[in-house]
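Please open the structure in your viewer and keep the selection tool at hand.

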Amino acid sequence: MNEREALILLNLVDGFGPVRISKALESFRDITRIFTAKRDELLNIPGWNNAVVENFKKIDFSLLEKEKENINRYKLKYLTILDKEYPEVLKKIYDPPVILYYKGDIEKLKERCIGIVGSRRCSNYGAHIAFKFASELGTLGFSIVSGFARGIDTMAHRGALKTVGGTIAVLGSGFKKVYPELNRDLIDEVIKNNGLIISEFGIDVHADKSTFPRRNRIISGLAVGVVIVEATIISGSLITARYALEQGREVFAVPGPVNSPLSQGTHQLIKEGATLVEKTDDILETFGLGLRFRQEKIPKVELGEKEANVYKFLSYRPIHIEELIAKTKLRFPEVAGILVNLQIKSLIQQLPGQYYALK
């Protein structure tokens, strides 16, 4: 067993979180020695008491072989906190994950990331804002990181999919038990578009109330800032915001209708000092990146008169071709042809049901 395998095994032990394992790493120059260490040596590890040692002594070594088989079966790769490729930004948080299983482009962990999270039961307003912000920030080169949940998280991933920044999905489960199941197809879309899926959990681990907060600290840990789009007053998104503050990250909150429960969490954050954001320029200005940065990042594309007439009615909110025909006063063949040209110029994307939106 080598050190990387030793960390995989420790990560599978019930009750052994990243802090407990990190303390063991500090106590043993070679972590593989822990499995032959005497009881007194184990008790000298900070935070390890008799109960912890007893639990450790019951370790099932067959778990490692099973996990290695799973890694091959699900075509996964992994990083450990000992690897030089492990992201420095994540290593500096209080409780960095000791293992990151992944699929996709691991180089995305080196990019500048913005987190976008929010309610699973989001409103149409919230879904639109999450998609819009992710699309615009992704176009400007930010990698959008979120938690792969339904609602706001899904819209953030989808908004960033085909942008230059792309997206990173942090799972709240192992790869065998992807949650939610309805997002399983989204994994393939993320990978196909040069994105990244990561999880710190053993491959067989189910999502539950304990795994989501651990996922949330990774989202904020990877990001330079986190945007909370919609959240109730008791929400996992507010946990992400707290992690972000503890980790020295920026926290942004999108205001909403005062009579909506989904606005209570974001408005509370604003009262507590989070930056109110109404547009992506508000985020850019926080990082000292203004209009010039936006103009430099967005490609210049020449549009004909009729193309410009159609393009001005397009936004990050999907619009049906019939609505474009009504707004532009052009005939169906003309609008259809223009939309094809705009897709070729990588300005827009076609969505199911003859809907179109900015890319």
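Begin by selecting Glu-41 and Arg-33 in this predicted model. The two residues form a salt bridge, with 3.0 Å between the closest N and O atoms. Glu-41 is partly exposed, at 31% relative accessibility, and Arg-33 is likewise classed as partly exposed, with a relative accessible area of 39%.

Next, select Lys-306 together with Glu-334. Their side chains meet in a salt bridge of 2.5 Å, N to O. Because Lys-306 belongs to helix 15 (residues 305–311) and Glu-334 to helix 17 (residues 332–344), this pair ties together parts that are 28 residues apart in sequence. Lys-306 has a relative accessible area of 44% and is partly exposed; Glu-334 counts as partly exposed at 21%.

Arg-331 is exposed, since its relative accessible area is 53% and the cut-off for exposed is over 50%.

Now display Asp-95, Glu-200, Arg-214 and Arg-217, which are linked in a network of salt bridges. Across the whole structure, a search finds 21 salt bridges.

Finally, move to Thr-240, located in helix 11 (residues 236–246). Is Thr-240 buried or exposed? Its relative accessibility is 1%, so Thr-240 counts as buried. To view its surroundings, select Val-117, Asn-216, Ile-219, Ser-220 and Val-226, with which Thr-240 is in contact when neighbours within four places in sequence are left aside.

Methods
Residues numbered from 1 in each chain as written. Predicted model: local features only at pLDDT ≥ 70, side-chain atom pairs only at ≥ 80, totals over all residues. Heavy atoms only, no water. Helix = DSSP H or I, 4+ residues; strand = E, 2+ residues; numbered from the N terminus. Buried < 20%, exposed > 50% of the residue type's maximum accessible area, 1.4 Å probe, protein only. Contact = heavy atoms within 4.5 Å. Salt bridge = Lys/Arg side-chain N within 4 Å of Asp/Glu carboxyl O.
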